[in-house]
Amino acid sequence: MALVDELPGVAGAVSEKVGRSVVRVGRDGRGSGLVIGEGQVLTSAHNLRGGEITVAFADGRSAVGTVAAADADADIAVVNVDTAGSPAVPWDPQIAGRLSLGTPVLGVALAAGGGVRVTFGTVSSVGRAFRGPRGRLISDGIEHSATLGRGSSGGPLLDFEGRLVGINTHRTGDGLYLAVPAGTGLRAKVDSLSKGEAPTRRRLGVGLAPSRMAARLRSAVGLPARDGVLVREVASGSPAAEAGLTRGDLIVAAGGSAVTTTDELLAAVDAVGDDGILRLTVVRGVEDVEVVVRFAGAAEEV
């Protein structure tokens with residue numbers, strides 16, 4: 001039987017199997033989520049606005065939940081809420097690792113007007129890297145063609161048996177969609193978040209421009225080209241501000257290694273030792289200046 005002939009039956013079966021496990025989050029239905037256990041819902045961190053969030057269920061019931069913990073860099077969050085017997089989405093972390101190009105998948109969400117929306121697509125890319133809400137790289141993403149309506153981010157991407165393979169995040173500029181793979185790595189993160197254990201990471205406290213922009217800006221004011229990342233803003237009271245970093249500084253080295261990308265700088269911050277010290281080389285005008293950044297404690301909250 002051709003795949004297209006199977007679709008109506010598959011879509012109906014998956015809707016029946018997982019429809020009660022899918023939720024909408026936010027008073028305006030800004031996003032989606034899924035029940036992962038009794039009293040707990042998983043959604044995208046970018047759907048949150050504060051410590052409380054409204055959760056709407058397929059049966060029309062709504063409840064206010066509280067955020068157990070969130071990982072903004074991975075764009076996931078767990079919400080504690082009365083799930084009132086709504087079943088958890090079937091989740092075998094091994095399944096996501098078996099996806100390959102062309103694998104058929106289903107996007108599932110609650111439509112704004114009520115009812116379950118199921119859309120069909122195929123996997124167009126695996127191992128797709130993309131950036132989370134705070135600019136950190138999310139690796140091993142799933143790119144697929146299952147059309148998602150507005151407010152579907154945080155909802156499930158499923159295989160044809162209704163098993164979780166990813167958490168939908170956003171649409172690409174090409175009209176395709178990205179999902180965080182629901183593999184063993186995500187399962188471990190979600191288990192920690194479910195216990196209220198939010199990850200801690202050091203934060204430098206700067207807004208950065210890519211090296212190509214830095215090169216254009218330096219050229220525009222007659223300065224020689226240098227590889228690095230340009231500081232375009234510094235958060236007040238941050239380790240960067242305390243160290244004396246200023247807007248316009250070009251960071252060319254961190255921890256003794258050359259820096260040409262944001263990811264290299266973030267890796268250097270993550271690698272800071274127990275002394276909490278990171279030495280940066282920055283270019284101000286034509287001068288190389290060493291800046292010593294001191295982080296308080298072992299890490300700062302994300």
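**A strand pair and its charged contacts**

Mentor: Strand β8, covering residues 116-131, pairs with strand β9, covering residues 137-144, in the antiparallel sense, and 5 bridges join the two. The model is a predicted one, and side-chain atom pairs count only at pLDDT 80 or more. Within this pairing, F130 stands opposite I138 of β9.

A barrel is closed by 6 strands, which follow one another in the order β7-β8-β9-β12-β11-β10 with antiparallel pairing. On average, and with direction ignored, neighbouring strands of this sheet are turned by 50 degrees against each other.

R128 and E143 meet through their side chains in a salt bridge, with 3.0 Å from N to O. R128 is in strand β8 and E143 in strand β9, so this pair links distant parts of the chain, 15 residues apart. Side chains of opposite charge can pair when their charged atoms come close. The two partners fall into separate accessibility classes: E143 counts as buried because its relative accessibility of 8% is under the 20% cut-off, whereas R128 counts as partly exposed at 25%.

This salt bridge may be set beside others, for the structure holds 13 of them. One of these has R201 and D71 as its partners, whose side chains meet with 3.1 Å from N to O. This pair, too, links distant parts of the chain: R201 is in the loop between α3 (184-194) and β13 (206-209), D71 is in strand β5 (residues 62-71), and 130 residues separate them. D71 is buried, at 4% relative accessible area, while R201 is partly exposed, at 22%. Both residues take part in a network of salt bridges that links D71, D73, R136, R201 and D270.

A further salt bridge forms between E161 and R163, whose closest N and O atoms are 3.5 Å apart. Here E161 is partly exposed at 49% relative accessible area, and R163 is partly exposed at 24%.

Two residues at the other end of the numbering complete the account. E290 lies in strand β18 and counts as exposed, because its relative accessibility of 53% is over the 50% cut-off. Leaving aside neighbours within four places in sequence, E290 is in contact with R279 and L280. Its C-alpha is 50 Å in space from that of G37, a residue 253 places away in sequence.

F295 is found in the segment after β18 (287-294). In contrast to E290, which counts as exposed at 53%, F295 counts as buried at 6% relative accessibility. Not counting residues up to four places away in sequence, F295 touches R202, R203, L204, P239, V269, V272, G276 and L278.

Conventions: Residues are numbered from 1 along each chain as its sequence is written. This is a predicted model: local features need pLDDT of at least 70, side-chain atom pairs count only at pLDDT 80 or more; totals for chains, interfaces and linings use all residues. Side-chain values use heavy atoms; hydrogens and water are left out. Helices (H or I, at least four residues) and strands (E, at least two) are DSSP runs, numbered from the N terminus. Buried means under 20% relative accessible area, exposed over 50%, partly exposed in between (1.4 Å probe, protein chains only). Contact means heavy atoms within 4.5 Å. Two strands pair if DSSP finds at least two bridges between them. Axes are lines fitted to C-alpha atoms, for helices over the stretch in contact, and angles run from 0 to 180 degrees between N-to-C directions. A salt bridge is a side-chain nitrogen of Lys or Arg within 4 Å of a carboxyl oxygen of Asp or Glu.
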